[in-house]
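This briefing is for a reader new to the structure.

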Amino acid sequence: QTPGLRCRLQGPAQSFPGVRGSTVPAHWDPLAGGRTSRMVCARAALGPGALWAAAWGVLLLTAAAEAQRGRKKVVHVLEGESGSVVVQTAPGQVVSHRGGTIVLPCRYHYEAAAHGHDGVRLKWTKVVDPLAFADVFVALGPQHRAFGSYRGRAELQGDGPGDASLVLRNVTLQDYGRYECEVTNELEDDTGMVKLDLEGVVFPYHPRGGRYKLTFTEAQRACAEQDGILASAEQLHAAWRDGLDWCNAGWLRDGSVQYPVSQPREPCGGLGGAGSAGAGGGASGGVRNYGYRHNAEERYDAFCFTSNLPGRVFFLKPLRPLPFSGAARACAARGAAVAKVGQLFAAWKLQLLDRCTAGWLADGSARYPIVNPRPRCGGSRPGVRSLGFPDAARRLFGVYCYRAPGAPDPAPGGWGWGWAGGGGWAGGARDPAAWTPLRV
């Protein structure tokens, strides 16, 4: 008997006007003379004690549901008692770097042992917007297919029945984000979420035109040109925890505009209280947040993210300083190209490049990386120092070059010949008079 539910056995012709209840057919009962009867049930009034008990029961069920949320979701199909599909993915996130290989873990359990796994469809998608997904990989029995930029890089791990884990090779910056593992068997399906994070560095950027010149689309393009992508809010917050302090607002990949302040000051959102909203905001600093902005009309700087370099950044110091026009030719003489801003930041953060000498970069800026702060090297904190965008004709700097992996070095001993300014190509031929000895 269910508590709070009162029932009476009545003949089929009887009714109860004004009583709200439910009717259920009774089984054949020889004690009732073989008649078909109906059981009429109605809810009894609940006293205060029962109401409190019911309320606590609802709270406990809600708490249990919340505890399960984010770990696994079970979808049951009761009709036919066919069992259920249960998908389990890794809690938290998995971490890799550009060029690496990573496994996005996902396992499923199909309770209907009588049916094989050949009819189970496995599908991986990437979350590109809150309600938008991009296909990554799909498998149905022996048929497998990868999509878009994942072709040739994605495959199933195949570690026994129930393993839907995806192996992703040669990880790129664009692979960063959240992935959904979906397992479907006829009418049943379940999904799990995996977040792929990348080791790397966040750096602020604005072009030669000055600060607050970029729309959202232009910020995306600017980061890509400097070997990066727009940083996420999570990446910017992690960079702030590592000490990033920048008093200019910039676009993030979700369309919001924020900036990190490690040392609170009046021109940068104040010393606390109003104006310091955002993650960690307050007198101790934080990430100031302008919210989501109109991405086609409003203009800000950009916060870019880059990861590990497959090649090497090095400083090329000629016997005579170079104008910007000679930088590319000097690097080319060493089998390299002028380094991009993101490549210099990655070399500083991940390869510990330390050089107290400014050099040209591909965007026309002059910068230098400092791992170990020291006098006359730009302050007391590590970082990449910037001298802005000097006049391209000025002969004040060397150049930072980037050599891709496998590219030959024409002068492996450290010395080589290159165009250090003046002359260069003459009538389509190399002009020996324009060549100058260079040293790394």
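Aspartate 301 is buried, with a relative accessible area of 3%; buried means under 20% relative accessible area, exposed over 50%, and partly exposed in between (1.4 Å probe, protein chains only). The model is predicted, so local features need pLDDT of at least 70 and side-chain atom pairs count only at pLDDT 80 or more, while totals for chains, interfaces and linings use all residues. Residues are numbered from 1 along each chain as its sequence is written, and side-chain values use heavy atoms, with hydrogens and water left out.

**Salt bridges**

- Aspartate 301 forms a salt bridge with arginine 211, and their closest N and O atoms are 3.7 Å apart; the term stands for a side-chain nitrogen of Lys or Arg within 4 Å of a carboxyl oxygen of Asp or Glu.
- This pair links distant parts of the chain, 90 residues apart: arginine 211 is in the loop between strand S16 (200-205) and helix H2 (216-225), and aspartate 301 is in strand S21 (residues 301-307).
- Helices (H or I, at least four residues) and strands (E, at least two) are DSSP runs, numbered from the N terminus.
- Arginine 211 counts as partly exposed, at 37% relative accessibility.
- The count of salt bridges comes to twelve.
- Another salt bridge joins arginine 107 and aspartate 163, with the closest N and O atoms 3.7 Å apart.
- Arginine 107 is in strand S8 (residues 106-110) and aspartate 163 in the loop between S12 and S13, 56 residues apart.
- Arginine 107 is partly exposed at 38% relative accessibility, whereas aspartate 163 is buried at 5%.
- Glutamate 182 forms a salt bridge with arginine 121, the closest N and O atoms being 3.9 Å apart.
- Glutamate 182 belongs to strand S14 (residues 177-185) and arginine 121 to strand S9 (residues 121-129), 61 residues apart.
- Glutamate 182 counts as buried at 19% relative accessibility, and arginine 121 as partly exposed at 31%.

**Aromatic pairs**

- The whole structure holds eleven aromatic pairs; rings of Phe, Tyr and Trp (its six-membered ring) pair if their centres lie within 6.5 Å, and planes under 30 degrees apart count as stacked, over 60 as edge-to-face and the rest as tilted.
- Tyrosine 259 and tyrosine 290 pair edge-to-face, at 5.9 Å centre to centre and 80° between the planes.
- Tyrosine 259 lies in strand S19 (residues 256-261) and tyrosine 290 in strand S20 (residues 286-292), so the pair ties together parts 31 residues apart in sequence.
- Tyrosine 259 is buried, with a relative accessible area of 6%, whereas tyrosine 290 is partly exposed at 38%.
- Phenylalanine 315 and tyrosine 400 form a tilted pair, at 4.8 Å centre to centre and 55° between the planes.
- Because phenylalanine 315 lies in strand S22 (residues 312-318) and tyrosine 400 in strand S27 (residues 398-403), this pair ties together parts 85 residues apart in sequence.
- Both phenylalanine 315 and tyrosine 400 are buried.
- A cluster linked by ring pairs consists of Tyr212, Phe216, Trp251, Tyr259, Tyr290 and Tyr300.

**An open sheet**

- Three strands, in the order S7-S13-S12, form an open sheet with antiparallel pairing; two strands pair if DSSP finds at least two bridges between them.
- Strand S7 (102-104) and strand S12 (154-156) stand at the edges with a single partner strand each, so one side of each is left without a neighbour in the sheet.
- S7 and strand S13 (residues 166-168) run antiparallel and are joined by three bridges.
- Leucine 104 has leucine 166 in S13 as its bridge partner.
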